[in-house]
Amino acid sequence: MVKAVGELVVQYAAAVSTAFVKKLDDPLEAPLFPAAFHRKPWAPGFEHHREPHGLSAELRNLLSGLNVISERTGKAMHVTPVRFRRTFGTRAAQEGHGVLVIAELLDHADTQNAGVYVETRPDIAGRIDKAVALELAPIAQAFAGKLIRSEKDATRFSESSSRIRDLRIATEPLASCGQHSFCSMSTPIACYTCESFEPWLDGPHEKLLDFLLVKRDRQLSAIDARIATVLDRTILAVAHVVYLCNLPPKDWPRLLHRRSKPIKSDVVIFLPKAKRAARTNLSDFINLCRNRLTVFGESLSFDDDIWDVSGSVGSKGSKFAIRLRFSNWATATLKTAMVPMAEPFKSFAKAYIRYGHAHKPRANYSNCLTALQALEKALVELTGTADPSELRPDVFNRAAQDLKASFKLATAYNCGSDLQAISRLLCELRLVIVPSPWKNSIPPATKGTNRVGQELDDLRREKMPSPAAFYALAHIFQNGVDAEDVLVSSVCAVLCSAPSRISEVVLLPSVCEVRQVDKETGATLYGLGWRPAKDGAPMVKYIATPMHDIVGQALQRLRILSAPALELVRWYEKNPTKLYLPPELEHLRGKAHLDMRELVSIVFVDDGKDLKSRAFQWVRSTNVPVTKKGKKVYADFADVESAVLKMLPRGFPLLDKEQGLKYSDALMVLRRQELDIIKVTYRCMFQPIEPQDINSRIAAHFTSLNIFRKHGFKEDDGTHIRVSTHKFRHYLNTLAQANNMDQLDLARWSGRRNVSQNAAYDHVSDREVTQKLRLALQGDAPAVGPISRLHRVALIPRDEFARLRIPTAHTTDYGYCVHDFTMLPCTKHQDCLNCEEQACIKGMDYRMEANIRAAQSETRLLLGRAKQALDDGEFGADKWVAHQELTLGRLDSLCSILDDPVIPVGAVIRLDDSPIQSHLEQVVQRRALEGESRALVEAADSKEGQ
């Protein structure tokens with residue numbers, strides 16, 4: 001057992017024995033984990049013992065309260081005793097121990113079940129350069145502290161001793177420490193993953209990142225990879241700080257930590273009065289949202305039953321209006337004959353959405369509106385009133401039942417989450433008479449959690465494109481000629497090349513291709529300049545080599561297809577108040593009396609069909625006034641021009657305001673109605689490509705829209721092919737998972753902010769996993785994934801393992817690390833020289849001895865700098881002086897032993913226990929001091945009592 005852990009266990013065992021002095025004849029026979037109480041008679045031989053399920057439940061409750069976040073998934077870890085056991089077995093496998101040793105460690109009678117607990121994941125990464133570190137950092141979320149603007153915002157702003165510096169890279173401080181208790185860890189390496197760390201915005205973090213990366217690259221080629229990667233999490237934490245510091249100043253207010261955080265001027269916080277009636281709070285809340293909030297625009301009429309929120313909600317570049325309809329449950333799906341919600345619930349629903357959007361904007365409110373409609377229906381049915389202050393848990397339960405009965409489980413669960421958010425706000429703002437928080441009782445959809453049998457096959461069929469769909473798209477891509485075929489097949493080719501969202505593809509700029517040469521291999525790298533949705537950072541999305549030509553061809557086709565529309569775009573950018581006319585029709589500009597033939601030639605592309613009826617339909621639909629002279633009908637050019645200019649897309653000339661993408665720079669823009677097989681293409685107006693324009697043509701049921709039906713393609717079973725654009729994303733993610741792509745790399749390639757989202761796209765079957773394992777474990781067969789990273793070592797008997805004092809060793813810069821990573825990760829943050837588990841072998845390797853002497857010279861130089869800084873009055877320099885003196889003393893001792901001719905070559909050198917304490921050792925010391933303090937206080941109290 002690790003010394004620090006063992007000391008804690010010994011202290012605990014001593015305390016238990018003391019507590020059983022009067023209960024047992026021999027207190028040393030007391031159970032290590034005694035039961036607090038026991039209702040049933042004790043089982044013979046197990047008196048005072050705690051039952052396993054009770055101990056397990058207590059452990060789970062304790063650990064869940066710590067809210068430990070997994071660096072791999074980004075979610076709170078579900079920690080159980082079995083998880084500790086599996087982690088222990090996994091680490092043993094990564095250390096190179098065979099099945100017999102693992103079975104011994106796990107206390108198995110044989111080896112047949114040892115593999116159950118060995119769930120190895122590769123944790124030794126390959127090469128990390130600066131660019132990769134900066135891209136991985138926001139996903140890994142390794143930085144645990146709080147970024148501050150300067151020292152004045154620090155927790156201990158008045159204490160100059162809280163400054164943290166690293167004299168190896170710069171003399172100026174880079175952060176503050178918010179911890180008031182003693183810490184002997186190596187600064188600043190151990191600081192970046194500490195929650196008390198407060199880095200300064202202008203600190204030299206990038207210099208430290210460069211220093212650590214150079215050190216890591218050097219170590220990877222010289223020492224054990226396990227040791228070289230000890231600081232990988234620290235590197236990502238430093239990179240995360242650098243990433244945050246490099247963000248635009250407009251993002252700083254939401255990132256910087258202040259001792260008193262100001263409220264944004266455009267957001268109003270509702271402050272309820274505790275002693276007032278709930279209805280008074282409710283009325284004030286509605287009035288605040290009605291009169292003071294300007295979310296969705298100042299021109300929005302709060303009392304309207306239909307809100308147009310197009311400028312604030314919806315997909316980018318959308319040509320459709322986004323409206324929120326505050327109808328009741330019964331008429332929610334009716335386009336006409338809408339019946340609004342009853343008052344005052346309707347006003348509360350409006351206020352809730354407006355207040356919520358001010359504090360946390362959403363892109364879609366359909367589930368939220370559905371939850372509100374279900375809640376209003378349940379409230380009226382159970383209470384006979386539409387007063388939100390009467391809401392109580394049984395009303396929420398009735399609403400949840402209606403949602404489960406009316407929607408698929410996944411949709412019902414999402415609406416239930418909105419119900420829970422509504423309940424939370426009602427209680428926090430005291431808007432209900434009896435505040436009683438309600439939790440979502442609708443279970444999440446569990447479909448897809450099983451990787452075997454028919455369920456997995458059905459899930460794969462639902463989530464990923466079929467082989468028939470790929471074949472059909474390839475045929476259409478090669479042979480399609482009309483605009484619809486070219487657009488859809490080219491977009492699908494891009495979606496098949498890298499995991500993407502359709503909303504990202506339709507917003508690609510025309511100039512998006514990036515070509516680079518790999519400096520190491522000389523290979524050509526081809527990618528697309530990408531702006532991920534959901535607030536992802538700009539990136540280059542690299543394309544797999546086999547798809548280079550296909551993607552290049554697809555992009556060129558899209559440019560050719562968009563050329564006529566882009567001509568219109570450029571015209572309107574230069575002439576935003578004039579109607580576009582081709583040169584041959586310029587003579588019609590300003591004409592007071594346009595006949596219907598002239599009108600049609602201005603508005604539409606000539607396709608040889610009935611022009612007269614088309615003209616009459618258009619003037620009626622656009623409300624263009626006409627005059628009759630005899631049998632002919634005429635329209636004024638000015639009226640036609642005004643009607644057409646009203647069709648310009650919202651926000652023109654910008655297609656996407658966030659990235660500043662103009663319509664003239666977009667890859668995909670078509671003339672209005674160019675994709676419609678019934679209507680005629682506009683000559684004088686354009687439109688952006690929407691996600692629905694693609695999805696409706698590959699997923700639609702209707703023959704008129706589905707391009708697979710149009711070309712006569714079907715599935716192998718004779719059913720019609722239907723594919724959504726998101727299925728290609730599922731397919732590529734599953735392909736990457738099957739080939740053991742690193743989770744952080746996969747999240748980055750997919751444009752995700754968090755690795756936890758990877759799991760939803762993993763549809764690798766048990767059959768595929770089993771096949772890979774079989775290939776990996778067959779003698780000389782090539783191994784893939786985690787198996788390939790396991791050391792191939794000979795098995796040893798159990799008794800031999802038990803006799804080993806040092807079961808594992810890893811090469812370091814200065815010798816060998818005998819720390820067993822099976823028990824614990826490195827607790828000294830690679831501060832090897834101040835670690836008692838560092839061992840050197842005299843004469844074994846001249847390079848290690850050279851590194852020791854180089855470190856001695858460097859430490860002597862750093863000590864001189866630290867003393868100079870201390871003499872100059874630099875606060876915090878005293879810590880560096882103490883640390884360097886300690887390190888230099890150990891190096892001097894080590895060098896004197898190496899130089900001593902009496903000590904033979906081959907002697908193993910391990911210095912005495914280091915005074916540098918790990919976190920566990922600091923806990924042991926703190927508990928011992930607390931125990932001594934309590935004993936002194938009790939002794940003093942007893943004397944006073946006497």
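In which helix is Arg729 found? Arg729 is in helix H25, which covers residues 725-738. Keep in mind throughout that this is a predicted model.

Let me stay with this arginine. Arg729 is buried, yet it has no salt bridge. How far away is the nearest side chain of opposite charge? That side chain belongs to Glu504, and it is 4.9 Å away. What the side chain of Arg729 does reach is the backbone oxygen of Ser750, at 3.0 Å. Setting aside the neighbours within four places in sequence, Arg729 is in contact with Pro499, Ser500, Arg501, Ser750, Arg752 and Tyr761.

Now the protein as a whole. It has 946 residues, and 43% of them count as buried. The secondary structure comes to 32 helices and 19 strands. Taking the contacts with a separation of 6 or more, 64% are between residues 24 or more positions apart. The accessible surface is about 50000 Å², and 54% of that belongs to carbon and sulfur atoms.

On that surface, I would point out one patch. Which residues make the nonpolar patch of about 380 Å²? They are Val9, Tyr12, Leu32, Phe33 and Leu55. Val9 sits in helix H1, residues 3-19. Its relative accessibility is 32%, so Val9 counts as partly exposed.

Next, the backbone. There is a cis peptide bond between Glu343 and Pro344, with omega about 5°. Pro344 lies in the loop that runs between strand E5 (323-325) and helix H11 (345-359). Another cis bond goes from Phe652 to Pro653, and there omega is near 15°. Pro653 is also in a loop, between helix H22 (637-645) and strand E12 (654-656).

Two residues to look at for phi. Arg430 is not a glycine, but its phi is positive, near 55°. Where does Arg430 lie? The place is the loop between helix H14 (409-428) and helix H15 (453-463). With a relative accessible area of 36%, Arg430 is partly exposed. Gln673 has a positive phi as well, about 65°, and is not a glycine either. Gln673 is in the loop between strand E14 (669-671) and strand E15 (686-688).

Definitions and conventions
Residues numbered from 1 in each chain as written. Predicted model: local features only at pLDDT ≥ 70, side-chain atom pairs only at ≥ 80, totals over all residues. Heavy atoms only, no water. Helix = DSSP H or I, 4+ residues; strand = E, 2+ residues; numbered from the N terminus. Buried < 20%, exposed > 50% of the residue type's maximum accessible area, 1.4 Å probe, protein only. Lys, Arg positive; Asp, Glu negative; His and termini not counted. Salt bridge = Lys/Arg side-chain N within 4 Å of Asp/Glu carboxyl O. Polar contact = N/O pair within 3.5 Å; in protein donor to acceptor, adjacent residues only side chain to side chain. Contact = heavy atoms within 4.5 Å. Patch = residues over 30% accessible without salt bridge, like charges linked within 9 Å, V, L, I, M, F, W, Y side chains within 5 Å. Areas by Shrake-Rupley, 256 points an atom, 1.4 Å probe, with all protein chains shown as cover.
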